[in-house]
Amino acid sequence: MATHKRSTNGHKNGNGRHGRFDPGLVLAQAQQVTTSANEIAVVAGEVSDGAEQQLRSLNDATMNLGSMTASLKESAANAESIAAATEELVSGITEMAASIDQVSAGATQVATAIAQNSAAIQQTSASIAAVSATARDMAASADNVTTAVTEMSASIRAVSRDAEGALQAVSAACTHMGCIVHWNEAERTWDCPCHGGRFTADGRRFNGPPAKDLEIIRDPTPRNGID
Ligand code: FES
């Protein structure tokens, strides 16, 4: 069995055999190690800077997300308020529509009643117009009758004899309103039965409302059937 003899410095050469201690080589290796360590430190620093930047970015993103969340909550609260206000508005509009319907129905009833009253008023107006026309016709007839009676009264003669027996004739129509005078044999006067007018035998008024004498008829001869 082969055994290895350890050198005093503990190193082997490239052939697996222990060589002499080389300080330059150790120094170079130490410098390489130092350089590598520095490079690793630089890389570690860069990694650390990148990690810090990422942390800051994450913090910023977290803050932005927080602000966004708060904003969304506020928007949600506003949306709820708007929804509640909209419901109240819809309720108010519905009540208003119901009121408008009631008013419309009332207006329709009023319009119907007015139309019925208008028709009744038109019928009444037509009836009044017919009555008015009838009254006018009756008034015209009454005028005609009055004219005829006045003419008839004027044609009636009141004839009497004086103390000497001579005939004297006057119109029998009272000069007040046309009533026919009657002979008063006791006092020998013509008396009106309507308002108390009185005239002498020759037609002169002396009592009552008549303002004029009876009309004197020049031909006192009695006429058949009239006097
Ligand atoms: S009508 Fe004769 S007094 Fe009136």
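Trainee: Which residues make up the largest nonpolar core?
Mentor: The largest nonpolar core has 11 residues, among them Val 181, Trp 190, Phe 199 and Leu 214. A nonpolar core is a set of buried Ala, Val, Leu, Ile, Met, Phe, Trp, Tyr and Cys residues joined through C-beta atoms within 7 Å. Keep in mind that this is a predicted model: local features need pLDDT of at least 70, side-chain atom pairs count only at pLDDT 80 or more, and totals for chains, interfaces and linings use all residues. Residues are numbered from 1 along each chain as its sequence is written.

Trainee: And what share of the chain is buried?
Mentor: Buried residues make up 7% of the 227 residues. Buried means 20 or more other C-beta atoms within 10 Å of the residue's own, exposed means 12 or fewer, and partly exposed is in between; C-beta atoms are placed from the backbone.

Trainee: Back to Val 181. What is Val 181 in contact with?
Mentor: Leaving aside neighbours within four places in sequence, its contacts include Ala 158, Trp 190, Asp 191 and Phe 199. Contact means C-beta atoms, placed from the backbone, within 7 Å.

Trainee: New topic. How many helices and strands?
Mentor: 1 helix and 7 strands. They are DSSP runs, numbered from the N terminus: helices are H or I, at least four residues, and strands are E, at least two.

Trainee: How do β1 and β2 pair?
Mentor: Antiparallel, over 5 bridges. Strands pair if DSSP finds at least two bridges between them. Arg 161 stands opposite Leu 167 in β2.

Trainee: What about the turn there?
Mentor: β1 and β2 form a hairpin with 5 residues between them. Gly 165 in the turn has a positive phi of about 90 degrees.

Methods:
Two residues are in contact if their C-beta atoms, placed from the backbone, lie within 7 Å.
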